[in-house]
Amino acid sequence: MVQIQGKAAITKNQAFVHFLTKCWRWCCKMALVQPRLCSYFEPLIRLFNPGYRAGLISAQLLSVSQQQDYLHLLLKPGKKFRAFVPGQHLQLSVELDGALVQRTFSISSPLQQFLAQGTLQLTLKIQPHAGLTRQLAARAGENLFCYVSQAQGDFVLDQQRSALIVVAGSGITPVHAMLCSLSRLTQPVRLIYSYRGADNLLFASSWPELKARFPLLQIELWDTSSGPRFSAAALAAAFAALQQQKAAQAALQAEPCILYVCGPLTFSQQWQQQAKTLGILQVRQESFGCLNAADGEAVTVTARQHGRLVQLQSQGNLLQSLEQAGLSPRYGCRRGICMQCLCIKTAGQVRNELTGQISDTGAGLVQLCISTALTKLELQLDAVSTTAQDNTSCTT
Ligand code: FES
């Protein structure tokens with residue numbers, strides 16, 4: 001006879017059955033959480049190939065160079081990586097201290113470079129509060145395991161239409177890839193690039209080269225450290241100049257132009273509004289930045305539990321907000337100790353109220369009971385598997 005949990009006395013046979021039942025439940029749980037078969041063999045394969053991650057495309061990190069507030073990463077993705085359309089982005093995952101940290105970045109190098117050398121460049125703004133870019137800057141010389149997703153996104157240049165492109169800061173990265181990949185330009189394109197200080201001017205050598213290659217390309221560089229910020233009046237003037245340029249090229253089709261906007265979220269929203277007043281009907285926008293809620297402001301949270309999708313406005317503690325919305329996330333201590341409330345965040349930023357740490361924008365684990373949403377957030381509340389805990393960085 002043995003005791004289980006100090007309560008009922010049971011036979012050895014019953015204890016053995018109890019053990020087998022627990023094993024079976026664990027197996028079922030594992031079978032339900034792994035997205036693909038090779039994930040089950042990942043720990044074994046990693047014994048021989050430490051860089052292996054099931055379902056991810058490994059990428060060799062060839063170099064990391066810093067330019068003021070930015071990092072340039074040169075990567076050589078594995079053979080599974082299909083090419084990209086200039087302007088698209090991908091998800092970069094880096095293994096840092098045993099956990100995968102993910103973020104989304106636009107490819108900044110031309111397609112020709114990938115086709116000729118198999119390499120591509122990512123240009124990242126170093127975020128003082130976000131883990132990945134800060135750690136990449138600090139560990140530049142180290143041999144880090146990196147992975148990339150396939151490229152995706154529809155922020156690509158329509159070469160049949162004239163274009164007004166307004167970008168700020170790292171928003172120039174997809175536009176640099178687009179323009180440098182062009183072999184010819186048949187429609188007028190006007191680029192306005194706003195940056196802060198000469199040291200933060202990205203791809204400085206490319207702009208004179210591109211101007212010389214394409215007579216229809218006009219480039220305005222706005223250094224906001226020594227001049228005014230880009231304004232609504234300046235946008236209207238740039239649009240008028242583009243229209244004039246189109247009128248002068250009488251042979252060109254009179255198709256309406258497209259406004260491309262890329263930069264911090266507030267920047268993109270501002271110019272999208274402005275486009276309406278100018279009568280620009282088509283706007284393409286790309287933004288990976290975050291619109292941080294002011295303290296006490298409600299943030300939209302989308303949570304999935306048992307196949308049910310719920311959208312709610314969260315203000316303050318995430319666990320409480322989810323419960324008030326009728327969801328039943330797991331919890332234990334409600335004080336950040338037991339980790340029972342750990343769940344998967346697929347997008348958005350949270351603040352850990354105990355440490356003040358702010359998460360990355362990409363996928364990660366979140367302790368609901370001590371976290372507050374800072375941006376639009378997407379959560380998966382179903383049980384976090386052991387594998388998920390191993391594979392995803394805890395951002396709280
Ligand atoms: S409930 Fe215990 S850590 Fe959140």
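**Stop one: an enclosed helix**

Select residues 172-180, helix 5: eight of its nine residues are buried, so the rest of the structure largely encloses it. Buried here means that 20 or more other C-beta atoms, placed from the backbone, lie within 10 Å of the residue's own. Show the side chains of Ile172, Thr173, Pro174, Val175, His176, Ala177, Met178 and Leu179, and you have the buried set.

A word on what you're looking at: this is a predicted model, where local features need pLDDT of at least 70 and side-chain atom pairs count only at pLDDT 80 or more, while totals for chains, interfaces and linings use all residues. Residues are numbered from 1 along each chain as its sequence is written.

Next, bring up the open sheet of six strands, ordered 6-5-8-3-4-7 with antiparallel pairing. From one strand to the next, the twist averages 35°, using axes fitted as lines to C-alpha atoms and angles from 0 to 180 degrees between N-to-C directions. Strands pair if DSSP finds at least two bridges between them.

Now zoom in on residues 89-96 (strand 5) and 146-148 (strand 8), an antiparallel couple joined by three bridges. Which residue of strand 8 is the bridge partner of serine 93? Pick tyrosine 147.

**Last stop: zoom out**

Colour by secondary structure for ten helices and 20 strands; these are DSSP runs, helices being H or I of at least four residues and strands E of at least two, numbered from the N terminus. Of the protein's 396 residues, 35% count as buried.

Technical notes. Buried ≥ 20, exposed ≤ 12 C-beta atoms within 10 Å, placed from the backbone.
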